[in-house]
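Me: Can you go through this structure with me? I would like to start with how the parts of one chain sit together.

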Amino acid sequence: MKINLKVWRQKGQNTKGGFKTYNVDHVSPDMSFLEMFDILNTDLIKKNEEPVAFDHDCREGICGMCSMYINGHPHGPQQTATCQLHMRTFNDGDTITVEPWRAKAFPVIKDLVVDRSAFDRIQQAGGFVSVNTGGVPDGNEIPVPKKVADEAMDAATCIGCGACVAACKNASAMLFVSAKVAQFALLPQGQPERKDRAERMVAQMDAEGFGSCTNTYACEAECPKDIKVTNIARMNREYFSAMLTSYEVKTSGGGD
Amino acid sequence: MKLESKIPAGPLAEKWSKHKFNLKLVNPANKRKYDIIVVGTGLAGASAAASLGELGYNVKAFCFQDSPRRAHSIAAQGGINAAKNYQNDGDSIYRLFYDTIKGGDYRAREGNVHRLAEVSVSIIDQCVAQGVPFAREYGGLLANRSFGGSQVSRTFYARGQTGQQLLLGAYSALNRQISNGKVKMYNRTEMLDVVIVDGKARGIITRDLVTGKIESHSAHAVVLCTGGYGNVFYLSTNAKNSNVTAAWRAHKKGALFGNPCFTQIHPTCIPVSGDHQSKLTLMSESLRNDGRVWTPKVAVKGLKAKDAAKIGEADRDYFLERRYPSFGNLVPRDVASRNAKMVCDEGRGVGATGLAVFLDFADAIKRDGRKTIEAKYGNLFDMYQQITGDNPYDMPMMIFPAVHYTMGGLWVDYNLMTSVPGLYALGEANFSDHGANRLGASALMQGLADGYFVIPYTIGDYLAGLPWEKIGTDRPEFKEAIDKVNTRVNKLLSIKGKKTVDEFHRELGLTMWEYCGMSRNEPGLKKAKTKIQALRKEFWENVTVLGSATELNHELEKAGRVADFMELGELMVDDALSRSESCGGHFREESATPDGEAMRKDDEFTYVSAWEYKGENQQEELHKELLIFENVKLTQRSYK
């Protein structure tokens, strides 16, 4: 196959970027999308041109590192991570446009690489159960109904790639944040800090500059792990109930 | 050099409790005076950094990914073993210990493995308390499954994403300490050297992967949790960026490297589809419970999966069932892998490359119905179809072995300290616990055991004997290390040769796979050594790395890692040469039974190989730590 690529090139965070066009020949339909980029980069290096920087690591759809915005969709036309997209999805001669995630809270570092540390900071604000190592009850001490454990697991499978933010016209991080809030709100282990957690994580999300939910469900439609917008509904309930009934509102610092 | 394993004396089951009592403690008020560096944030690193922060130490944690949550532990599928005996099926700490020692083909320490089995039960409790959503039964209690041929059901799991959930649990504990100010996290930062002051590890040199800034960090102890080195083979199930650099740098600064040639090759991976292949994807070995492995009896060139049905029953060779009637398709990983290679070497492999065998579910679907198979393996079948384009409900899968895990790693004593005082290695980065072969669902157990329940005890013993004065990074030892790192970075950028880093890496991988892979022999290993030496020489004359040192530069990162992989590759070959026995994942063709099965030589090789770096281009020196078995009797494995 022959593929025409329109790729966003940007030297650094403070330099202006733009699209560059490349032709990649000898593309096999069995290649993954990232392997096609490997070929492109080898071609570029051989021509003494700097290769395109892109994030990737596990290449099996679970680490959440890869993050290409392909033909107007985060991770491309399929509901998978970029690394699981294969070239057989495209046709010989196709032109494919590749951009980085676009969101104010995810500044571009270089080419297709963005800074997603805002996600880490939201998790640091409350995405945990405050238990130290050791001195915890036996694993079977507190039964958890299977249905509840399964629903918590559905939310916990989020890979933190940021496709939901990239998909949203407001660049909202509600799906990502709600997945963690929902996981802990469902499980008995998450109950003691349930209210604080919702308040802190939402406060940090707002502080990072993510937009508000648009209710268009684009996030769910593009999520490679099928995280449901019902988590957002749950987070809203958690947040409102916490605002009305919690003892105090803390906006910074974690649990002790 | 005398290797002191520091295994405590006394009965096996009391060693760890006794040892914990004998370890010195650091006064709670003094803990904040000690700084600890943790490199890597996978299961071992994240759990260690969080637990040490909770105790009150000042921790600096480093990862080269954009977030600690992306460490490759995230990709582990199957599960985590623990001797809980929740199923009332006869499991016990001693049985898990015994299975692990036997599975490792008697090349691991009894004391270490027993401790691992002991703390396994606490790991599950810890993870549940953190909110890890393990699979549960309808009554609300934790579910278990049998895994990797084990006779008891002791594996805890969270769908096929156990590694992800355990890592996110450890990541959440780490985040809590970051938010409490006890851990300072450095993302996108790579460790490029260890700094030794007065014979002790006192810091590291790092490169900020975004700005390229080279920096010094001093501390009272350094803990390496940097994973395995499977990517020396270029193609493996490891993440693309997993590398040996941190461990290798430590090795060159005096840390001995244990059993480098012990590599685990997993039988059920998706085969290579062409030269563009960048990594291999594992399919859970549970597939072998229902799939039948076969190739045609007579070679059929380029046989596609969709044409498999044209080969009649009489013309198929179910080679595992034929050779191992009692275990059949469920023989251990190394046996299944080696046999797949053998039939492909005979020219009977299938697929476009001839480097694959069929894994056929037709009989299972006929027997149990499509629905049952879908319920068991649906997600795996979908994943297979996503990657290959073939539908395994209609035609057999194609599989081939791939490098998955490295049992070897930095040599450590019972306290997980390397041969450099103050330098520790945890998880896959160390050599301990798995011997010559790791059992399924044991990697997660070991990573978390080391991080949550071993290092918090043992590191105190070392720090208690160390003055808490900090040392400045303006010392000559730091400056010298920085200079060396800078020189190397600049050297890589200045060669401006003709070949890309990936081309060198691929070539190295092919050599390692061919001669130091599933089965090895002396002439092959010697040939590999010459080839690697020549490749190394060419690399430093002809590699091309574009861009600069002061920006995000993936090629520069890769170049440094591949340079280290080449040196490691040579050591692996040396180690494989010196161990002329077959054991675990290490099959030496010269050491086989008359019917071609692996034969251990306990009289000669019941030891750990620990290699000492002797300088650039010098032959490394082999030290032997004899393994003493007081509790188990050594037996040869047989699956006939």
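Reply: In chain A, 18 residues of domain 1 are in contact with 17 residues of domain 2, where contact means that the C-beta atoms, placed from the backbone, lie within 7 Å. By class, the domain 1 side has nine nonpolar, seven polar and two charged residues. Ala, Val, Leu, Ile, Met, Phe, Trp, Tyr, Cys and Pro count as nonpolar, Asp, Glu, Lys and Arg as charged, and the others, Gly among them, as polar. This is a predicted model, in which local features need pLDDT of at least 70 and side-chain atom pairs count only at pLDDT 80 or more, while totals for chains, interfaces and linings use all residues. Residues are numbered from 1 along each chain as its sequence is written, and chains are lettered from A and ligands numbered from 1 in the order in which they are written.

Me: Where do the two domains of chain A run?

Reply: Domain 1 of chain A covers 3-110 and domain 2 covers 116-245; such bounds come from an automatic or database domain assignment. Their C-alpha centres lie 29 Å apart.

Me: And how many helices and strands are in chain A?

Reply: Chain A has eight helices and seven strands. These are DSSP runs numbered from the N terminus, helices being H or I with at least four residues and strands E with at least two.

Me: What share of chain A is buried?

Reply: Of the 256 residues in chain A, 53% are buried. A residue is buried if 20 or more other C-beta atoms lie within 10 Å of its own, exposed if 12 or fewer, and partly exposed in between, with C-beta atoms placed from the backbone.

Me: Which residue has a positive phi near 50°?

Reply: That is A171(A), which is not a glycine. A171(A) sits in the loop between helix 4 (163-167) and helix 5 of chain A.

Me: Why is A171(A) called buried?

Reply: Because 21 other C-beta atoms lie within 10 Å of A171(A). H26(A) also has a positive phi, about 35°, although it is not a glycine. H26(A) is in the loop between strand 2 (18-24) and helix 1 of chain A, and is partly exposed, with 13 other C-beta atoms within 10 Å.

Me: New topic. How many residues does each chain bring to the contact?

Reply: Chain A brings 69 residues and chain B brings 64. The chain A side divides into 28 nonpolar, 26 polar and 15 charged residues.

Me: What is the strand order of the open sheet in chain B?

Reply: The order of its five strands is 11-15-14-12-13, with antiparallel pairing. Two strands pair if DSSP finds at least two bridges between them. The edge strands of this sheet are strand 11 (263-269) and strand 13 (316-317), and each pairs on one side only.

Me: How many bridges join strand 11 and strand 15 of chain B?

Reply: Strand 11 and strand 15 (residues 397-406) of chain B pair over five bridges. H266(B) stands opposite A402(B), which is in strand 15 of chain B.

Me: Last one. How many residues of domain 1 of chain B are in contact with domain 3?

Reply: In chain B, 36 residues of domain 1 are in contact with 39 residues of domain 3. Strand 6 of chain B gives the largest share of the domain 1 side, six residues.

Notes: Contact = placed C-beta atoms within 7 Å.
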